[in-house]
Amino acid sequence: SSSSTVLDQFDFDMPATTVGANLKHFFGNSFYTKTGLAYRKIGITNIKVNTSKVGETDVGSAESLAADIAIGNQWQWENFTMGCDWIGVMAPIMTLSSRYSDSGYSESTKRDLSDSWNKIAKITSSQVLRFYLGVSF
(Lines give C-alpha, C1' and ligand atoms only; values in the text may rest on other atoms or scores of the structure.)
Protein backbone atom coordinates (compact mmCIF):
# COMPACT_ATOMS: atom_id res chain seq x y z
CA SER A 1 0.00 0.00 0.00
CA SER A 2 1.21 3.50 -0.67
CA SER A 3 0.39 6.74 1.06
CA SER A 4 0.07 10.08 -0.63
CA THR A 5 1.30 13.36 0.76
CA VAL A 6 0.64 17.01 0.05
CA LEU A 7 3.98 17.06 -1.77
CA ASP A 8 2.75 14.46 -4.31
CA GLN A 9 0.95 17.21 -6.24
CA PHE A 10 4.13 19.21 -6.91
CA ASP A 11 7.34 18.81 -8.89
CA PHE A 12 10.42 19.73 -6.85
CA ASP A 13 14.13 19.12 -6.40
CA MET A 14 15.20 17.02 -3.41
CA PRO A 15 18.97 17.31 -2.85
CA ALA A 16 20.51 15.07 -0.19
CA THR A 17 23.89 15.21 1.55
CA THR A 18 25.39 12.44 3.67
CA VAL A 19 28.55 12.20 5.75
CA GLY A 20 29.36 9.02 7.60
CA ALA A 21 31.84 6.82 9.39
CA ASN A 22 31.88 3.10 8.66
CA LEU A 23 33.68 -0.07 9.67
CA LYS A 24 34.37 -2.84 7.18
CA HIS A 25 34.64 -6.48 8.16
CA PHE A 26 36.38 -8.56 5.50
CA PHE A 27 35.51 -12.20 4.78
CA GLY A 28 38.30 -13.65 2.68
CA ASN A 29 40.41 -11.47 0.40
CA SER A 30 37.93 -8.90 -0.86
CA PHE A 31 34.31 -9.49 0.27
CA TYR A 32 33.15 -7.25 3.15
CA THR A 33 30.21 -6.02 5.15
CA LYS A 34 30.14 -2.34 6.01
CA THR A 35 28.24 -0.88 8.97
CA GLY A 36 28.26 2.63 10.29
CA LEU A 37 26.47 5.84 11.13
CA ALA A 38 25.75 8.74 8.83
CA TYR A 39 24.49 12.29 9.14
CA ARG A 40 21.94 12.91 6.38
CA LYS A 41 20.35 16.17 5.24
CA ILE A 42 17.45 16.08 2.78
CA GLY A 43 16.09 19.32 1.37
CA ILE A 44 13.31 20.46 -0.90
CA THR A 45 13.94 23.28 -3.35
CA ASN A 46 12.35 24.85 -6.42
CA ILE A 47 8.71 23.75 -6.14
CA LYS A 48 6.97 23.78 -9.54
CA VAL A 49 3.48 23.09 -10.84
CA ASN A 50 3.29 22.43 -14.60
CA THR A 51 6.90 23.64 -15.01
CA SER A 52 6.06 27.06 -13.47
CA LYS A 53 8.03 27.86 -10.34
CA VAL A 54 5.70 28.54 -7.41
CA GLY A 55 7.89 27.95 -4.36
CA GLU A 56 10.93 29.36 -2.73
CA THR A 57 14.39 28.23 -3.75
CA ASP A 58 14.94 26.72 -0.28
CA VAL A 59 11.66 25.35 1.11
CA GLY A 60 13.25 23.47 4.01
CA SER A 61 15.35 20.56 5.14
CA ALA A 62 15.29 17.55 7.43
CA GLU A 63 18.40 16.25 9.17
CA SER A 64 18.73 12.78 10.63
CA LEU A 65 21.18 10.26 12.05
CA ALA A 66 21.03 7.06 10.02
CA ALA A 67 22.40 3.52 10.07
CA ASP A 68 24.42 2.74 6.94
CA ILE A 69 24.78 -0.95 6.01
CA ALA A 70 26.23 -2.48 2.81
CA ILE A 71 27.99 -5.51 1.34
CA GLY A 72 30.67 -5.31 -1.31
CA ASN A 73 34.13 -6.11 -2.57
CA GLN A 74 37.37 -4.15 -2.42
CA TRP A 75 40.65 -4.82 -4.23
CA GLN A 76 44.10 -3.37 -3.59
CA TRP A 77 47.02 -3.10 -6.06
CA GLU A 78 50.05 -1.50 -4.42
CA ASN A 79 48.79 2.05 -3.63
CA PHE A 80 45.60 1.83 -5.71
CA THR A 81 42.21 0.75 -4.28
CA MET A 82 39.03 -0.07 -6.21
CA GLY A 83 35.78 -1.23 -4.69
CA CYS A 84 32.06 -1.58 -5.02
CA ASP A 85 29.24 -1.63 -2.49
CA TRP A 86 26.95 -4.12 -4.28
CA ILE A 87 23.86 -3.40 -2.22
CA GLY A 88 23.17 -1.25 0.79
CA VAL A 89 20.58 0.58 2.83
CA MET A 90 20.53 3.78 4.86
CA ALA A 91 17.81 3.78 7.51
CA PRO A 92 17.12 6.74 9.80
CA ILE A 93 17.61 6.18 13.51
CA MET A 94 16.57 9.60 14.78
CA THR A 95 15.50 12.96 13.40
CA LEU A 96 17.93 15.71 14.41
CA SER A 97 16.03 18.67 12.99
CA SER A 98 13.25 19.50 10.61
CA ARG A 99 12.46 22.95 9.26
CA TYR A 100 10.21 24.18 6.49
CA SER A 101 8.20 27.21 5.52
CA ASP A 102 4.42 26.87 5.89
CA SER A 103 3.46 30.53 5.69
CA GLY A 104 0.52 31.33 3.46
CA TYR A 105 -1.21 27.95 3.84
CA SER A 106 -4.53 27.08 5.47
CA GLU A 107 -4.51 25.25 8.82
CA SER A 108 -5.49 21.91 7.22
CA THR A 109 -2.79 22.27 4.55
CA LYS A 110 -0.25 23.14 7.28
CA ARG A 111 -1.17 19.90 9.11
CA ASP A 112 -0.84 17.89 5.88
CA LEU A 113 2.47 19.61 5.11
CA SER A 114 3.74 18.81 8.60
CA ASP A 115 2.82 15.12 8.17
CA SER A 116 4.50 15.03 4.74
CA TRP A 117 7.62 16.74 6.04
CA ASN A 118 7.92 14.29 8.95
CA LYS A 119 7.89 11.44 6.40
CA ILE A 120 10.82 13.02 4.53
CA ALA A 121 13.04 12.86 7.63
CA LYS A 122 12.23 9.13 7.95
CA ILE A 123 12.94 8.05 4.36
CA THR A 124 14.93 4.82 4.10
CA SER A 125 17.14 4.84 1.01
CA SER A 126 18.69 1.91 -0.78
CA GLN A 127 21.68 1.72 -3.07
CA VAL A 128 22.89 -0.63 -5.75
CA LEU A 129 26.39 -0.57 -7.26
CA ARG A 130 28.30 2.24 -5.59
CA PHE A 131 31.79 2.19 -7.13
CA TYR A 132 34.81 3.93 -5.62
CA LEU A 133 38.49 4.44 -6.38
CA GLY A 134 41.27 5.44 -4.01
CA VAL A 135 44.99 6.00 -3.66
CA SER A 136 46.97 5.52 -0.45
CA PHE A 137 50.19 7.34 0.31
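Mentor: Start with D85. Its side chain makes a polar contact with the side chain of K34, at 2.7 Å. A polar contact is a pair of N or O atoms within 3.5 Å; within protein, one must be able to donate a hydrogen and the other to accept it, and residues adjacent in sequence count only if both atoms are side-chain atoms.

Trainee: Before we go on, what kind of model is this, and how are residues numbered?

Mentor: It is a predicted model, where local features need pLDDT of at least 70, side-chain atom pairs count only at pLDDT 80 or more, and totals for chains, interfaces and linings use all residues. Residues are numbered from 1 along each chain as its sequence is written, and side-chain values use heavy atoms, with hydrogens and water left out.

Trainee: Fine. Where is D85 found, and is D85 buried or exposed?

Mentor: D85 is in strand β6. It counts as buried, at 2% relative accessibility. Buried means under 20% relative accessible area, exposed means over 50%, and partly exposed is in between (1.4 Å probe, protein chains only). Helices (H or I, at least four residues) and strands (E, at least two) are DSSP runs, numbered from the N terminus.

Trainee: What is D85 in contact with, leaving aside neighbours within four places in sequence?

Mentor: With that exclusion, the list includes Y32, K34, A70, I71, G72, Q127 and Y132. Contact means heavy atoms within 4.5 Å. L129 is also among the contacts of D85.

Trainee: What about the phi of L129?

Mentor: Phi is near 60 degrees, a positive value in a residue other than glycine. L129 sits in strand β7, residues 125-135. It is partly exposed, with a relative accessible area of 44%.

Trainee: Which other residue has a positive phi although it is not a glycine?

Mentor: E78, at about 50 degrees. E78 lies in the loop between β5 and β6 (80-100). It counts as exposed, at 77% relative accessibility.

Trainee: Back to polar contacts. Which side chains does N73 pair with?

Mentor: Two to note. A polar contact of 2.9 Å joins the side chains of N73 and S30. Another, at 2.5 Å, links the side chains of N73 and W86.

Trainee: Where is N73 placed, and is N73 buried or exposed?

Mentor: N73 is in strand β5. It is buried, with a relative accessible area of 14%. Leaving aside neighbours within four places in sequence, its contacts include F31, Y32, M82, C84 and Y132. N73 and F26 are 47 residues apart in sequence, yet 8.7 Å apart in space, C-alpha to C-alpha.

Trainee: New topic. Which residues form the largest nonpolar core?

Mentor: Seven residues: I42, I44, V59, A62, W117, I120 and A121. A nonpolar core is a set of buried Ala, Val, Leu, Ile, Met, Phe, Trp, Tyr and Cys residues joined through side-chain atoms within 4.5 Å. β3 (31-49), β5 (58-77) and α1 (107-121) each supply at least two residues of this core. The largest share, three residues, comes from α1.

Trainee: Why would such residues group together?

Mentor: In soluble globular proteins, nonpolar side chains tend to be buried together.

Trainee: And which residues of α1 are buried?

Mentor: L113, S116, W117, I120 and A121. Seen down the axis of α1, they fall within an arc of 145 degrees, so they line one face of the helix. The arc is that of the directions from the helix axis to the C-beta atoms. The face turned away from the buried side carries the exposed residues E107 and R111.

Trainee: What does A121 touch, leaving aside neighbours within four places in sequence?

Mentor: A121 is in contact with R40, A62, S64, P92 and T95.

Trainee: Last one. What pattern does the whole protein follow along the sequence?

Mentor: The pattern is β-β-β-β-β-β-α-β. That is one helix and seven strands. Buried residues make up 26% of the 137 residues. Among contacts between residues at least 6 apart in sequence, 65% join residues at least 24 apart.
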